[in-house]
Amino acid sequence: MRMAIEGGRVIDPAHQTDAVTDLFIADGRIAGSGQPPAGFVPERRIDARDRIVCPGLIDLCARPREPGQEHKATIASEARAAAGGGITTLVCPPDTDPVIDEPAVVELIRRRAKAAGRVRVLTLGALTHRLHGERLAEMAALKEAGCVGVGDGGRTVASSRVLRRALEYAATFDLTVFLTPLDPELGHGLAHEGRVATRFGLPGIPVAAETGVIARDLELIRDLGVRVHFGRLSSARAVELVARAQEEGLSVTADTAVHHLYLSEIDLSGFDSRCHVLPPLRGLRDLDALRTGLAEGVLGALCSDHQPHEPDAKQAPFGDTEPGISGLDTLLALSLRLARDGILPLSALLARLTWGPARILGLDSGHLGTGALADICVFDPDAEWRVEADALRSRGHNSPFLGWELHGQVTHTLLEGQVVYAREARE
Amino acid sequence: MSAANLQLDRQGRLLHFLTVEGLSRRHLTEILDTAESLRGVAERRVKKLPTLHGKTVVNLFFEASTRTRTTFELAAKRLSADVLNLNIATSATTKGESLLDTLRNIEAMQCDMFVVRHPQSGAAEFMARHVKPHIAVLNAGDGCHAHPTQGMLDAFTIRRHKPDFPSLQVAIVGDILHSRVARSLIHALNILGAGEVRVIAPRTLLPAWVESLGVRVFHSPQAGLREVDVIVMLRLQRERMERALLPTEQEFFQQYGLTEERLALAKPDAIVMHPGPINRGVEIDSRVADGPRSVILEQVTNGIAVRMAVMSITLGNHARPLEEDA
């Protein structure tokens with residue numbers, strides 16, 4: 001289908017484009033912008049006046065819960081939520097059930113995602129067999145099956161020897177290793193080790209649970225020259241360590257989850273289980289440092305760390321609840337608030353949601369250059385909405401942002417030139 | 001909504017007793033004064049008042065406890081309530097029932113008050129958030145968070161011996177990190193205006209940011225016990241050694257145990273307290289535990305009066321709106 005997205009403010013951070021113009025799509029790819037290519041006659045037009053047109057969002061960490069936890073959500077349900085949130089690609093970590101440590105699981109997810117349509121689901125393969133941190137996973141086979149990287153999901157490989165070997169083996173096949181740094185011993189708690197945990201008598205997770213692991217990993221990376229991405233950083237000190245490694249020239253990237261830029265340990269007050277997350281919500285200084293790290297590009301991506309839950313998972317005393325926030329629906333609007341608050345320019349912000357994660361994944365996507373896949377998000381930056389449970393398309397309503405007034409509403413999401421979500425028909 | 005707000009009605013009256021933190025001196029004084037007036041009940045021939053006649057109190061214990069459960073039971077019975085003891089640790093939840101389901105089932109038995117003990121911090125607050133409005137929830141200890149009636153009975157015992165709080169120096173010794181008793185007592189003492197609250201422990205048994213609770217930190221009893229009016233020893237659990245928080249019980253006793261020599265550092269009329277049950281020779285020497293300065297058994301007696309006070313205040317406040325409507 002040939003399509004024209006007309007009159008929108010096109011922001012394409014990869015090409016440093018920020019202009020009101022038209023965008024043309026043919027055969028699922030970007031056919032050009034500004035003037036229509038010769039002989040281009042659109043079959044469909046999208047009126048994007050007063051709206052922003054940007055590459056579809058790429059979410060580096062989202063758990064659709066399938067396979068294994070379909071009582072929480074499914075690829076189909078979360079694909080709907082992703083499309084409604086302007087997300088065109090999401091990356092599923094390997095801690096599914098069964099674990100993504102064999103090609104059959106990759107294939108299963110691909111099939112389900114294809115059947116659901118609406119969003120591209122990419123998978124990370126396991127770094128170690130069953131994520132047990134003991135034996136190497138079949139990384140070459142996982143890569144061949146389509147995994148875009150390897151990692152052990154939310155788990156940290158405790159053995160430095162195994163990790164070193166795993167990093168080397170992954171590098172052999174040019175795989176990026178995705179690590180979520182949390183020392184399994186020190187990270188055995190419920191909340192940031194700070195004032196609130198002390199008052200509430202909650203077992204604390206010190207910052208060192210994150211930074212100790214990062215420091216170890218950086219030493220290995222320096223030795224081995226492998227490519228590593230640290231996911232979901234939560235502390236100021238972690239940002240500092242990664243920044244220093246980047247200055248040194250190590251091949252290290254990092255992201256944070258958007259909720260870490262808005263919530264801190266203080267939000268646990270009242271034992272609010274919706275704020276039970278891992279890594280834990282930390283202090284205000286950490287929150288500020290993460291924002292700065294994002295603005296300065298130390299954190300090259302911003303993700304949802306989407307973890308939908310059934311209501312029962314959060315209906316218990318804090319320590320008996322499952323960690324995680326349902327984040328697909330709010331990723332864009334929460335992120336936009338950073339630009340509204342002047343933390344970073346809009347274009348830079350959108351880069352962290354599109355081009356930044358694409359580069360981390362080594363994909364030629366996340367941009368609107370001619371010939372690129374037409375994964376596009378059109379949104380009204382001024383549309384105000386209130387986060388209510390019934391406004392969330394994800395099956396998980398476990399959001400601490402319920403009741404928040406946000407700006408920015410997606411009107412159209414295109415995946416390879418197909419409209420997979422349309423809010424209204426002003427076409 | 002914070003716990004402090006959750007446990008108060010719009011007029012600021014106590015509906016549940018979940019934590020001491022966030023309450024006012026007026027609330028605490030009301031509990032202490034009511035306990036004072038109820039203390040004599042135990043000395044009467046008929047140890048009963050009709051205050052909670054026709055009310056049903058359920059002791060919902062998800063964690064084993066004989067002493068606390070017994071004192072709550074006795075307190076409720078002395079107020080003429082019917083009491084039901086449910087030891088949930090060995091029944092419903094082990095069969096996979098959620099806490100909310102357990103709550104709904106017991107609620108359906110037309111109860112008026114839940115006394116809750118649970119291994120998770122925040123459990124009592126969770127229950128208060130979900131119970132029907134006519135039910136009062138009393139926290140009988142949740143995780144490492146709070147044990148407010150214990151904190152108040154300690155404050156009550158202190159007030160009976162040393163009523164001038166601004167001049168008081170109180171030392172709490174031992175496992176502060178895991179102690180809900182310590183947290184509740186610290187809040188109570190600070191709200192009541194105690195001169196200084198000290199905590200004395202090795203760093204492994206102190207939470208990070210402990211100073212933010214409003215205490216002065218000492219690692220040495222020699223310094224921390226000097227000239228104090230009250231010494232509160234905390235129970236040390238054996239598992240602390242297994243979890244690498246301490247090397248041995250012997251070393252703990254040598255460094256922090258309350259001996260007569262160490263007691264001599266305090267003021268001559270200092271009192272010694274302990275929430276019980278005590279580990280003789282681990283946190284306290286028998287000669288001190290049984291000595292003239294020990295008020296440990298008095299604490300147990302006072303515990304009943306304080307729990308009676310909290311029960312009558314909270315259930316009284318629950319009943320009030322109905323009376324006002326009528």
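The paragraphs below lead through a predicted model, from its confidence scores to the contact between two chains and then to the spaces within the protein.

For the complex, the predictor reports an ipTM of 0.90 together with a pTM of 0.94. In chain B the average pLDDT is 92, and 94% of the residues reach a score of at least 70.

With those scores in mind, the reader can turn to the place where chain A and chain B meet. Chain A brings 17 residues to this contact, while chain B brings 23 residues. Together the two chains bury about 1600 Å² between them, and 57% of that area lies on carbon and sulfur atoms. On the side of chain A, 34% of the area buried against chain B comes from A:Thr198, A:Arg199 and A:Pro317, which is more than any other three residues supply.

One of these residues, A:Arg199, also takes part in a salt bridge, in which its side chain meets that of B:Glu21 at 2.5 Å, N to O. Across the interface of chain A and chain B, one salt bridge is found by the rule. Polar contacts between the two chains amount to nine residue pairs, counted where both residues have a pLDDT of 80 or more. As for the kinds of residue involved, the side of chain A that touches chain B is made up of seven nonpolar, six polar and four charged residues.

The structure contains four cavities of 30 Å³ or more, and the largest cavity has a volume of about 90 Å³. This largest cavity is lined by 15 residues, of which A:Pro93, A:Leu124, A:Phe178, A:Thr180 and A:Arg232 are the closest to its centre.

Terms used: Residues are numbered from 1 along each chain as its sequence is written. Chains are lettered from A and ligands numbered from 1 in the order in which they are written. Side-chain values use heavy atoms; hydrogens and water are left out. pLDDT is the predictor's confidence in each residue, from 0 to 100. Contact means heavy atoms within 4.5 Å. Buried area is the accessible area (1.4 Å probe) that two parts lose on being put together, summed over both. A salt bridge is a side-chain nitrogen of Lys or Arg within 4 Å of a carboxyl oxygen of Asp or Glu. A polar contact is a pair of N or O atoms within 3.5 Å; within protein, one must be able to donate a hydrogen and the other to accept it, and residues adjacent in sequence count only if both atoms are side-chain atoms. Ala, Val, Leu, Ile, Met, Phe, Trp, Tyr, Cys and Pro count as nonpolar, Asp, Glu, Lys and Arg as charged, and the others, Gly among them, as polar. On a 1 Å grid over the protein atoms alone, a cavity is a set of points where a 1.4 Å probe fits but cannot get out, and a pocket is an open set with protein on both sides within 12 Å along at least five of seven lines; lining residues have an atom within 4 Å of a point. Grid points are joined across faces, edges and corners, and a volume is the space filled by probe spheres set on the points.
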